[in-house]
Amino acid sequence: MFRMIAEVINMREEEKKPTSTIRRILKQRWALSAIYIASAAIILAAAFLLQNSFNDSAKDGKEESAETGKNYGEPSVEVNSNLETIKMPVADADKSVIKKQFYDVNADEKAQEEALVFYNNRYEQNKGIDIAMEDGKSFDVKASLSGNVTKVQDDALLGNLVEVEHEDGVVTRYQSVKDIKVAVGDKVKQGQAIATAGKSQINEEAGVHVHFEIRKDNIALNPLDFVDKQASAIQSATEADKEETPAVEGSEADKETPAVEGSEADKEETPAVEGSEADKEETPAVDETDESTDLESGTDEEGSVPGEDTTEDSDSLKDSLNQSN
């Protein structure tokens, strides 16, 4: 029995040993300081990790915003308009041929002659390019750019006409077509079939073809200069041409020679008023009037009346005749 009591007492003492050890450690002077330092180290480590994660996320966000806001402030451009690349109005450009080129005023004489269209005993400058297939067969005419259909016209001479309007005054024109699939007011997308190639009276030599034009502010441009380029290149090219040939400066230069001063100088060199006065002084009109008055009154300079002597002679002659009788 005593042995059992002793074992129970030992078990209780063993259960109390860990607790007594922790208490013993906490009673040390350095225990609390060590606990504070360890806690601070854990907190700082956690804060450092959180800071790094925040910096990484903020950096990624800045890069994304920089990419999205790179073109901020620039004028907005509609998709499928100025950003589109101008295409040939055919499905397979590699199998197409150009029957007649655009008439370029800067080209050589031979190229200009080949770009003339002869019709009705007249030569006309080709305002676009005439495209046909190598096999001469008909083909679908595709929209070169996205835009709005503004004109659909039946014309036997031109072979029918379709016009599509785009941004900044750019218009694409498709002539010599048939089986037109669009109407005025329709919105067409780039590559959409709008008609079928046909024939025209003005250029019968081209056979089955499409006459394709690009115009900027109703001025015809060479389509081959802009194929495979963005539509915005048309605006840049026309602005560059205007800067090279400023018409305003020339008109101002012409204004530097005013016609008013020249007319005044001419008046000073040939004064008509003084000359007329001098003539009047040399030939006074008053004397002429007096002379004419004397003649009308029938008197000479001495005041005698012509004809009186003649009357007296006639009377004396009558008296002599009467005496002789």
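Trainee: Which strand and which helix each supply at least two residues of the lining of the largest pocket?

Mentor: This is a predicted model, in which local features need pLDDT of at least 70, side-chain atom pairs count only at pLDDT 80 or more, and totals for chains, interfaces and linings use all residues. Residues are numbered from 1 along each chain as its sequence is written, and side-chain values use heavy atoms, without hydrogens and water. A pocket is an open set of points on a 1 Å grid over the protein atoms alone, where a 1.4 Å probe fits, with protein on both sides within 12 Å along at least five of seven lines; lining residues have an atom within 4 Å of a point. Helices (H or I, at least four residues) and strands (E, at least two) are DSSP runs, numbered from the N terminus. Here, strand 13 (219-221) and helix 4 (232-244) each supply at least two lining residues, and helix 4 gives the most, with four.

Trainee: How much space lies in the largest pocket?

Mentor: A volume is the space filled by probe spheres set on the points, which are joined across faces, edges and corners. The largest pocket holds about 630 Å³. Its lining has 21 residues, and Phe 102, Ile 219, Ala 220, Leu 221 and Asp 241 are the closest to its centre.

Trainee: Is Arg 122 buried or exposed?

Mentor: Buried means under 20% relative accessible area, exposed over 50%, and partly exposed in between (1.4 Å probe, protein chains only). Arg 122 is exposed because its relative accessible area is 53%. Arg 122 belongs to strand 3 (residues 122-125). Of the chain's 325 residues, 23% count as buried.
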